[in-house]
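Trainee: I'd like to learn how to read a few features of a protein model. Could you walk me through them?

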Amino acid sequence: MPGKKRRAFHSEADLCSVFRAALEREYAGQWIAYAETEGWDILLVRVKDGFQIGLQAKLALNISVINQSLEYGKSVCDVGPDCRALLVPAASGAHFRAVCEYIGLTIISFVPNKQRIEPKLPGPNTRSPSSPWHEWCPTKRHSLPAYVPDVLAGASAPVRLTPWKIKALKIAALIELRGAVSRSDFKYLGLDPRRWTARNGWLLASPAGYVPGRRMPNFSKQHPLVYSRIKTDFAEWAPPLQARNA
């Protein structure tokens, strides 16, 4: 009895990791990969001009991933990337490829042991009627987080670096570097303090201010690289010391 066909990739996360390694080899310094951003497994941003490609990864090209990549809800014709793409193993979903081309979804196929990005990513001056990259011309591109997410792209239960999470990391950094935080620190950062300071919240009251309780999530462990950057940038975003007693 013939054995099962071996998969080229073990998971969508594996596929995304191989893609990001190829991106670094072929396009170092030209594109930034924002993992798990704005609903995309990877949101690619061209450094030169901010051009965006939203990318969904799947081990099989099917109607589910096609639907994931289309416009829906209130954002139709409003906010989105310039191009939309599907990242799949090379042999996947041949019967869907003509449909994807027709509706403007670019397919990036990876071949085992020959990991090159095909088709080539678009450059600022490479528009042509025959280009495999269909531009959706959104009214507004996706907003980007202040820091490049240090998370695993394509994970089944992804950790995301949201604007709220960045503020939470700043609160954690304030506590580490100043010893405690006050309600005015939350106000300065635009963060609702209620889940933090409630009776069963994450922080406990002390003479110095609020300090971590046993319920406090370890945000720095979730995002170690971003947390390090936030501490490095402390002087740029930290609330003034006098505001802590306000």
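Mentor: Gladly! Let's begin with burial: a residue is called buried when its relative accessible area is under 20%. Keep in mind that this is a predicted model.

Trainee: Is Trp 202 buried or exposed?

Mentor: Trp 202 has a relative accessible area of 16%, so by the under 20% rule it is buried. Trp 196 is buried as well, with a value of 0%.

Trainee: How many aromatic pairs are there?

Mentor: The general idea is to look for ring centres that lie within 6.5 Å. Here the count comes to 9 aromatic pairs. One of them joins Trp 196 and Trp 202, with 5.0 Å centre to centre and 75° between the planes. Planes over 60 degrees apart count as edge-to-face, so that is the label for this pair.

Trainee: Where do charges sit over rings?

Mentor: Look for the charged end of a Lys or Arg over a ring face. In this model, Arg 46 lies over the face of Phe 51, at 4.2 Å from the ring centre. The charged end of Arg 84 is placed over the ring of Trp 136, 4.7 Å from its centre.

Trainee: And the strands: in which sense do β6 and β7 pair?

Mentor: Strand β6 (residues 203–206) and strand β7 (residues 209–212) are antiparallel, with 4 bridges. They form a hairpin with 2 residues between them. Within this pairing, Leu 203 is opposite Pro 212 in β7.

Notes. Residues are numbered from 1 along each chain as its sequence is written. This is a predicted model: local features need pLDDT of at least 70, side-chain atom pairs count only at pLDDT 80 or more; totals for chains, interfaces and linings use all residues. Side-chain values use heavy atoms; hydrogens and water are left out. Two strands pair if DSSP finds at least two bridges between them. Rings of Phe, Tyr and Trp (its six-membered ring) pair if their centres lie within 6.5 Å; planes under 30 degrees apart count as stacked, over 60 as edge-to-face and the rest as tilted. Buried means under 20% relative accessible area, exposed over 50%, partly exposed in between (1.4 Å probe, protein chains only). A charge sits over a ring if NZ of Lys or CZ of Arg is within 6 Å of the ring centre and within 35 degrees of the ring normal.
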